[in-house]
Amino acid sequence: MSIDLKTIKHISKLSRISVDEKRAEKLAGDLNSIFDFIEKLNELKTDKVKPLTSIAETTLKLRSDEVKSKNIREQIIKNSPQDNEDYFVVPKVIE
Amino acid sequence: MSDITKLSLTELVENIKNKKLSSTEITKAFIERSEKSKELNAYITDDFTSALDKAKKFDQKPNLDLKLPGIPMAVKDLFCTKNIKTTAGSKILNNFVPTYESTVTENIWNEGAILLGKLNCDEFAMGSSNETSFFGNVQNPIDKDLVPGGSSGGSASAVAGQLTPITIGTDTGGSIRQPASFTGTVGLKPTYGSCSRYGIVAFASSLDQAGPMAQNVKDCALLQEVISSYDTKDSTSIDFKRNKYSKELTNNIKGKKIGIPKEYRVDGMPKEIEDLWQKGIQYVKDCGAETIDISLPHTSYALPTYYIVAPAEASSNLARYDGVKYGFRAKGENLIDMYEKTRSEGFGAEVQRRIMIGTYVLSSGYYDAYYLKAQKVRKLIKNDFDEVYKKVDAILTPSTPSSAFKIGEKTNDPVSMYLNDIFTVPVNLAGLPGISIPAGHDSKGYPLGLQIIGKAFDEQNILNIAYAMEEKINFKNKITDWWIK
């Protein structure tokens, strides 16, 4: 199995992380050595094994649907990278 | 009184309760030592001025019924602390000031402790040497240019270097136990669901657990008692009867059955580690416990499984860092360009690598081959433990396959770095508790640790075994204060 530059470009797009040519080559090398190591799992037959979906075998508790945090708009936008009193501001999306 | 920082947490609490020391005296002593210890780079953010104010306030009206009365404490910078910058060791959170407190730290302050500051760690807890931190690597107090382990490297360095009497870290694949082992300290990774994950910067949600890092087992038990709680703010928090770990601590482990798994005897493991393990086996026998040879047949598959599951969860968790609502934002020509540049400039190399692995194993066409496969193998690994726990009460293994290595020694080879966690990762995959205790030194004088793995929710039992072994081992950490001029 080999991860080529085209695959790296594809993953980088899915991850929303821009990667230049030089970095893409380095990443391909790293990922290939990591996946060579991961391939070991193919030694195991797992057709009849049920996947682990929850580490703690408990059912989730139900709770009543109540508002517990009120009037925290200021707190929520306090760490916003671009200052605006009421909204999160992003680059223009609609032309 | 310069010896204050040499006292254990238990001794400090006693001194406060007997009114032999004030919170101000203790807090001052740790601040002074922390200020002289900048070279360790253990802190990312300090809160010394406010700590001293809080100590003075405590002394004016001391509540001595609390478990951590007026005790100063620094914590890993992965725990959100209200109005104190919380970075997770990343550039992307360099300007993030939480408006809320993590449950674990809240529990600590409610018992009277005082925040000293936030400790360095690998970026988003991804690393085994503290070298992936945006804020630079951390020095191990044991020796110059030696890594303290990771990801809770700043925490381990701060406890071993006596900059804080005790601390908390987080452990996703060994991030408490491995640095504890590298610095001659005690580190406990509790059962999954024991400590709330609310307010902890998420890495891999099905593996992450907070836990204490301490100078000795008793201190560790006391802090575990404080941080472990059922919390409705974390839907995976488990409501079970929690012990008074420090009060119920006993060195009587007569008749306990302790498993020795043959698969932990890995190729290329230094003889020193094997010898240490044999010594550990002798110690538990001397304490009246019985050892039984056991097999955990899927052990060698744990690390490859981990390197699918953890990055998959990380790629999903870290999708939230998009430059929109908080954290670092890069300038972009449009929204997508802004996302891509923010994440490319904001995340370091290791974090990007893991996001990429995670995205790949979850992507269309590869999900079954990688992610589903890994979740099946994870089940087999858990079954291994379930099976042996029909016969034994706990398991004894080395904590790490080597002692601490030099800064820069493994940074160019991700797989060799990952192999550090070979003995700790299975515990996270199975959601079990594990504790690392210092058990000896190698030929270079660097500390080596032994790990005791317990049944789920059986922290008391592994703390007791650790406590009994600690007495026999009588470990002395060799701290020369080399960094203090």
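Predicted model: local features only at pLDDT ≥ 70, side-chain atom pairs only at ≥ 80, totals over all residues.
The buried residues in question are Leu27(A), Asp30(A), Leu31(A), Ile34(A) and Ile38(A). They lie on the same side of helix 2 of chain A, because they cover an arc of only 100° around the axis. On the other side of this helix, Glu21(A), Lys22(A), Gly29(A) and Asp36(A) are exposed. The length of helix 2 of chain A (residues 21-38) agrees with expectation: at 1.5 Å a residue, its 18 residues should span 26 Å, and its end C-alpha atoms are 25 Å apart.

Helix 1 of chain A also meets helix 11 of chain B. Two packed helices are described by the angle between their axes and the distance between the axes. Here the axes come within 9 Å and cross at roughly 95°. Angles of 65 to 115 degrees count as roughly perpendicular, and the two helices are therefore placed in that class. From helix 1 of chain A, the contact involves Ile11(A), Ser12(A), Leu14(A) and Ser15(A). Helix 11 of chain B contributes Ile355(B), Met356(B), Thr359(B) and Tyr360(B).

Chain B contains an open sheet of three strands, in the order 1-3-2 and with mixed pairing. Strand 1 (43-46) and strand 2 (72-76) are its edge strands, each pairing on one side only. On average, neighbouring strands of this sheet are turned by 35° against each other, direction ignored. Strand 1 pairs with strand 3 (residues 114-119) in the antiparallel sense over three bridges. Asp46(B) has Gly117(B) in strand 3 as its bridge partner. Helix 3 (residues 48-60) of chain B packs on the sheet and touches strand 1, strand 2 and strand 3; its direction makes about 160° with that of strand 3.

An open sheet of eight strands, also with mixed pairing, has the order 4-6-5-10-11-9-7-8 in chain B. Its edges are strand 4 (167-171) and strand 8 (290-294), each of which pairs on one side only. Neighbouring strands of this sheet are turned by 30° against each other on average, direction ignored. Within it, strand 9 (residues 394-398) and strand 11 (residues 447-454) are joined by five bridges in the antiparallel sense. The bridge partner of Pro398(B) in strand 11 is Leu450(B). Helix 15 (residues 459-473) of chain B lies across strand 9, strand 10 (434-441) and strand 11, and runs at about 10° to strand 10.

Note on methods. Residues numbered from 1 in each chain as written. Chains lettered and ligands numbered in written order. Pairing = 2+ DSSP bridges. Helix = DSSP H or I, 4+ residues; strand = E, 2+ residues; numbered from the N terminus. Axes fitted to C-alpha atoms, helices over the stretch in contact; angles between N-to-C directions. Contact = placed C-beta atoms within 7 Å. Expected span 1.5 Å × (residues − 1). Buried ≥ 20, exposed ≤ 12 C-beta atoms within 10 Å, placed from the backbone. Arc of directions from axis to C-beta. Parallel < 35°, antiparallel > 145°, perpendicular 65-115°, else oblique.
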